[in-house]
Amino acid sequence: QVQLVESEGGLAQAGGSLRLSCAASGRTFSSYAMGWFRQPAGKERLFVAAISRNGGMTNYADPVKGRFTISRDNAKNTVYLQMNRLKSEDTAVYYCVQYSGGFYLSPEYWGKGTLVTVSS
């Protein structure tokens, strides 16, 4: 059974930084692409970033390009999202996802989400 457990989000000021992590278990972590989605209150869940199984390829949503960095440590079965120059519009529940294969095509498993609040 795949489990994805996000770290606690938290509160940051606009312009500040936060790092999220997500620990995965249940199947061979290095075989699967990983990613992050987010959902602001009352809005739809949207893609944020993804990383291929070996970390060689990444993809970002336009609103976070140049500010967020996704990375992974296959030895620790963990994916990270470094968020810099945070804006109030980054406030959302952030979800870790594990894709169905080595490339980020179809999210298959989801974490429970962690709240990130950015104050302006």
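Predicted model: local features only at pLDDT ≥ 70, side-chain atom pairs only at ≥ 80, totals over all residues.
Strand S1, residues 3-6, and strand S3, residues 18-25, pair in the antiparallel sense over 4 bridges. Within the pairing, Val5 has Ala23 of S3 as its bridge partner. The side chains of S1 alternate along the strand.

Phe68 has a relative accessible area of 2%. Because buried means under 20% relative accessible area, Phe68 counts as buried. Leaving aside neighbours within four places in sequence, Phe68 is in contact with Arg38, Val48, Tyr60, Leu81, Gln82, Met83, Asn84, Leu86, Asp90 and Tyr94. Gly111 is 43 residues from Phe68 along the chain, and the C-alpha atoms of these two residues are separated by 19 Å.

Ser52 lies between strand S5, residues 46-51, and strand S6, residues 58-60. Although Ser52 belongs to a loop, this residue is buried, with a relative accessible area of 5%. A polar atom of the Ser52 side chain lies 3.2 Å from the backbone nitrogen of Gly56. Beyond the neighbours within four places in sequence, Ser52 is in contact with Ala33, Met57, Arg72, Gly102, Phe103 and Tyr104.

Note on methods:
Residues numbered from 1 in each chain as written. Heavy atoms only, no water. Buried < 20%, exposed > 50% of the residue type's maximum accessible area, 1.4 Å probe, protein only. Helix = DSSP H or I, 4+ residues; strand = E, 2+ residues; numbered from the N terminus. Pairing = 2+ DSSP bridges. Contact = heavy atoms within 4.5 Å. Polar contact = N/O pair within 3.5 Å; in protein donor to acceptor, adjacent residues only side chain to side chain.
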